Amino acid sequence: MTFEEMARARYSVKKFSDKPVEEEKLSKVLEVANLAPTAKNAQSARIYVLRSEEAMDKAKELTPCVYGAPVVLMFAYNRKEAFRYPDEMEIYSGAEDCSIVATHVMFEAKEQGLDTCWVNFFSPTKAKAAFRLPEEEEVVLLMPIGYAAEGTVPLPNHSAKKALSDIVKEL
Ligand SMILES: Cc1cc2nc3c(=O)[nH]c(=O)nc-3n(C[C@H](O)[C@H](O)[C@H](O)COP(=O)(O)O)c2cc1C
């Protein structure tokens, strides 16, 4: 599959089957995630694998968007490692670092025949507390990963795209 074909084929899955994620597939996904570029290559992103009963119970308490997935990846960044914008030191690259790492996960998962859903419908503060993350880490997103339940199709808004002229402007 070309990248364009994969980008067209991917969609957010909101109902997973209970089929477990094979260890080697998860390892490959995480290995590819580690190839993502990050600001100054400081690699501020962290990926927490949630799959024990205890961790999954916590994830389900944090969000209704686990959707029956057997594994949830929680992406966080380390404030001490993230790049800080010159003159705007309160802005960190952490959300960007996590986003590109998570995007690598999304597409390598697709390559491996797995499905995902990007989730930010939760409180990062509560997630940090629930999993007792270090003070310098901030949670950015959760990503359920697994196999789509049979009969799952993209939601209608999957293909509702703005015209390119609405989002691309020449200045
Ligand atoms: C930043 C971001 C946050 C999202 N948060 C959620 C979420 O909390 N819950 C959810 O079910 N889907 C979430 N999604 C999935 C979007 O709803 C979905 O990507 C969008 O509707 C387009 O559908 P598609 O991914 O199938 O193309 C999120 C996606 C992004 C990129």
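Biologist: Which residue of strand 4 stands opposite Tyr 85?

Modeller: That is Glu 88, where a strand is a DSSP run of E with at least two residues, a helix is a run of H or I with at least four, and both are numbered from the N terminus. Please keep in mind that this is a predicted model, in which local features need pLDDT of at least 70 and side-chain atom pairs count only at pLDDT 80 or more, while totals for chains, interfaces and linings use all residues. Residues are numbered from 1 along each chain as its sequence is written, and side-chain values use heavy atoms, with hydrogens and water left out.

Biologist: How many bridges join strand 3 to strand 4?

Modeller: Strand 3 (residues 84-85) and strand 4 (residues 88-92) run antiparallel and are joined by 2 bridges, and two strands pair if DSSP finds at least two bridges between them. Their hairpin has 2 residues between the strands, and Asp 87 takes a positive phi near 70° there.

Biologist: Moving on to sheets, in what order do the strands of the open sheet come?

Modeller: The open sheet has 4 strands in the order 1-2-6-5, with antiparallel pairing. Strand 1 and strand 5 (115-116) are at the edges with a single partner strand each, so one side of each has no neighbour in the sheet. Strand 5 pairs with strand 6 over 2 bridges, in the antiparallel sense, and Thr 116 faces Ile 145 of strand 6 across that pairing.

Biologist: What about the ligand, how many residues surround it?

Modeller: There are 13 of them, and the closest are Ser 12, Lys 14, Tyr 67, Trp 118 and His 158; a residue counts here if one of its heavy atoms lies within 4 Å of the ligand.

Biologist: Which atom of the ligand is 2.9 Å from a polar backbone atom of Trp 118?

Modeller: It is a nitrogen atom. An oxygen atom of the ligand lies 2.9 Å from a backbone N or O atom of Phe 121, and an oxygen atom of the ligand is 2.6 Å from an N or O atom in the side chain of His 158.

Biologist: Why does the length of helix 4 agree with what it should span?

Modeller: Helix 4 (residues 94-111) has 18 residues, which at 1.5 Å a residue should span 26 Å, and its end C-alpha atoms are 26 Å apart; the expected span is 1.5 Å times one less than the number of residues. Its buried residues include Cys 98, Val 101 and Phe 107, where buried means under 20% relative accessible area, exposed over 50% and partly exposed in between, with a 1.4 Å probe and protein chains only. Just after helix 4, Gly 113 takes a positive phi of about 80°.

Biologist: And Asn 41, is that one buried or exposed?

Modeller: Asn 41 is exposed, because its relative accessibility is 51%. Asn 41 sits in the loop between helix 2 (23-33) and strand 1 (45-50), and has a positive phi of about 55° although it is not a glycine.

Biologist: Where is Arg 132 placed?

Modeller: Arg 132 lies in the loop between helix 5 (124-130) and strand 6 (137-146). Arg 132 is not a glycine either, yet it has a positive phi of about 50°, and with a relative accessible area of 72% it is exposed.

Definitions and conventions: Polar contact = N/O pair within 3.5 Å; in protein donor to acceptor, adjacent residues only side chain to side chain.
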